[in-house]
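Subject: Structure handover

Hello,

Here is the structure I promised to pass on. My notes on it follow below.

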Amino acid sequence: MKAFIRELQDRVLAGGEISFDEAMRLASIEKREEGDLLLDAAHEIVKRFRPSQPDLCSLINAKSYLCSEDCGFCSQSSRFKTGVKKYPLLSPDEVLQAAKRSEANNIQSFCVVTSGETLSDPEFERVLETFRRLSAETNLRLDGSLGNLTAEQIRKLKKAGLRRFNHNLQCSREFYPSIVSTHTYDERKGTLDFLKENGVEICSGGIFGMGETREDRINFAFELKEYPLHCLPINILNPRPGTPLEGQAPMDPFEAVKTIAIFRFIHPKANIKLAGGRELNLGAYFQEKALRGGADGLVVGGYLTTDGNPVEEDRAMLEHAGFADAGKRNCCMEPTATQTTP
Ligand code: SF4
């Protein structure tokens with residue numbers, strides 16, 4: 001296995017790719033010593049392909065709960081009694097105020113997030129106006145996570161100042177129907193296709209630990225390969241009370257960090273961020289292992305409906321893991337807010 005890992009590492013470092021079967025062989029690693037070799041190799045790939053890039057961002061949950069979809073992991077679905085805060089779409093003024101607070105705190109990027117798979121026409125017009133105002137009245141880089149959009153809507157948002165769009169594919173095509181019945185995998189991918197065609201930067205990742213198999217996770221990594229990802233957030237299920245997955249058994253942390261390392265072999269240039277559920281599932285020890293084994297950033301400051309570690313603790317962990325420019329590798333969230341963005 002040692003020679004195999006080395007061979008793949010050398011290939012990726014030279015600009016080559018690994019195959020599905022090779023990724024599955026890596027996924028079959030059970031011995032901790034071999035897992036550590038895999039993580040070391042993934043870290044070498046980070047060092048080669050992920051030079052420091054400024055990436056300090058904040059987020060506002062501009063519409064909470066009230067979603068008619070049935071994603072089994074999500075506490076914002078109105079089909080589940082989860083007790084999360086609910087409110088309709090915020091006004092442009094309310095979002096602008098939050099953006100200006102972020103700007104005053106030296107944050108460079110600001111992401112507008114809404115619950116729900118699609119926005120109604122009036123909601124979309126309101127969001128468009130919000131982006132126009134943010135463009136005119138701040139110097140922030142503007143990102144969005146607004147569910148499925150048409151190509152026309154993406155073009156309008158881009159014209160209004162949208163730079164990057166978060167749209168998580170969540171898991172493999174094969175596993176998707178096990179967690180969602182109200183929309184299809186291809187609908188999710190359709191939005192990613194529109195983003196790609198229109199030159200909008202793509203942030204897309206997903207969630208481990210929903211009951212999927214190893215093969216599902218590797219299939220998922222290869223589905224994401226169709227897109228030029230700037231950012232690949234990895235959530236690990238934090239089972240929320242009231243959701244269908246509330247009783248899901250926790251994922252083995254070694255399996256999680258090993259898989260993140262394999263994702264690095266498959267996505268050598270993406271900003272792979274540990275996101276929701278990392279504190280619960282990985283603890284400090286395995287988070288740091290992941291940051292020394294393929295991941296190169298954190299979503300910090302809490303998630304849409306759950307809290308995270310204090311930001312300073314996360315910065316210290318990043319620095320301890322060897323990221324000297326820790327302040328620039330995070331993605332901070334306004335603490336208003338699911339475990340994962342829609
Ligand atoms: S993930 Fe998005 S679409 Fe699915 S239930 Fe949650 S808010 Fe709705």
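A definition to start: a crossover is right-handed if, with the strands pointing away from the viewer, the path from the first strand over the helix to the second runs clockwise. Helices (H or I, at least four residues) and strands (E, at least two) are DSSP runs, numbered from the N terminus.

Two notes on conventions. Residue numbers start from 1 along each chain, following the sequence as written. The model is predicted, so local features need pLDDT of at least 70 and side-chain atom pairs count only at pLDDT 80 or more, while totals for chains, interfaces and linings use all residues.

**Overall**

The protein has 12 helices and 10 strands. Its C-alpha atoms fill a box of roughly 55 × 40 × 35 Å along the principal axes. The radius of gyration is taken over C-alpha atoms, and the globule rule is 2.2 Å times the number of residues to the power 0.38. For 342 residues, a compact globule would come out near 20 Å; the protein has 19 Å, which agrees.

On confidence: pLDDT is the predictor's confidence in each residue, from 0 to 100. The mean is 90, and 91% of the residues reach 70 or more. Over residues 333–342 the pLDDT is below 50, yet beyond near neighbours in sequence this stretch has 49 contacts in the model. Two residues are in contact if their C-beta atoms, placed from the backbone, lie within 7 Å.

**Core**

A residue is buried if 20 or more other C-beta atoms lie within 10 Å of its own, exposed if 12 or fewer, and partly exposed in between; these C-beta atoms too are placed from the backbone. By that rule, 51% of the 342 residues are buried. A nonpolar core is a set of buried Ala, Val, Leu, Ile, Met, Phe, Trp, Tyr and Cys residues joined through C-beta atoms within 7 Å. The largest one has 87 residues, and Ile260 and Ile262 have the most contacts inside it. Helix 10 (residues 253–266) gives the most to this core, with 8 residues. Leaving aside neighbours within four places in sequence, Ile260 is in contact with Ile234, Ile272, Ala290, Gly293, Gly294 and Ala295.

Strands pair if DSSP finds at least two bridges between them. Strand 2 (residues 109–114) and strand 3 run parallel, joined by 5 bridges. Ser109 stands opposite Arg141 in strand 3, and Val112 stands opposite Gly144. Strand 2, helix 5 (residues 121–137) and strand 3 make a right-handed β-α-β unit. The chain then crosses from strand 3 through helix 6 (residues 151–159) to strand 4, again in a right-handed β-α-β crossover. Strand 3 and strand 4 (residues 162–166) pair in the parallel sense over 3 bridges. Leu142 has Leu162 of strand 4 as its bridge partner.

Are these strands covered or open? Strand 2 has 5 of its 6 residues buried, so it is largely enclosed by the rest of the structure. Strand 3 (residues 141–145) is mostly covered, with 4 of its 5 residues buried.

**Around strand 7**

In strand 7 (residues 229–236), 7 of the 8 residues are buried, so this strand is also largely enclosed. Its parallel pairings are:

- Strand 5, over 2 bridges; Cys203 is partnered with Cys231.
- Strand 6 (residues 206–208), over 3 bridges; Ile207 stands opposite Asn235.
- Strand 8 (residues 271–274), over 4 bridges; Leu232 is partnered with Ile272.

Two right-handed β-α-β units involve strand 7: strand 6, helix 9 (residues 214–224) and strand 7 make one, and strand 7, helix 10 and strand 8 make another.

Cys203 sits in strand 5 (residues 201–203). It is buried because 27 other C-beta atoms lie within 10 Å. Cys203 and Phe165 are 38 residues apart in sequence but 5.9 Å apart in space, C-alpha to C-alpha. Not counting residues up to four places away, Cys203 touches Arg164, Phe165, Asn166, His230, Cys231 and Pro233.

**Backbone to check**

Which non-glycine residue has a positive phi of about 60°? Tyr65 does. Leu66 has a positive phi of about 55°, and is not a glycine either. Tyr65 lies in the loop between strand 1 (57–63) and helix 4 (92–104), and Leu66 is found in the loop between strand 1 and helix 4. Tyr65 counts as buried because it has 22 C-beta neighbours inside 10 Å. Leu66 has 16 and therefore counts as partly exposed.

Best wishes
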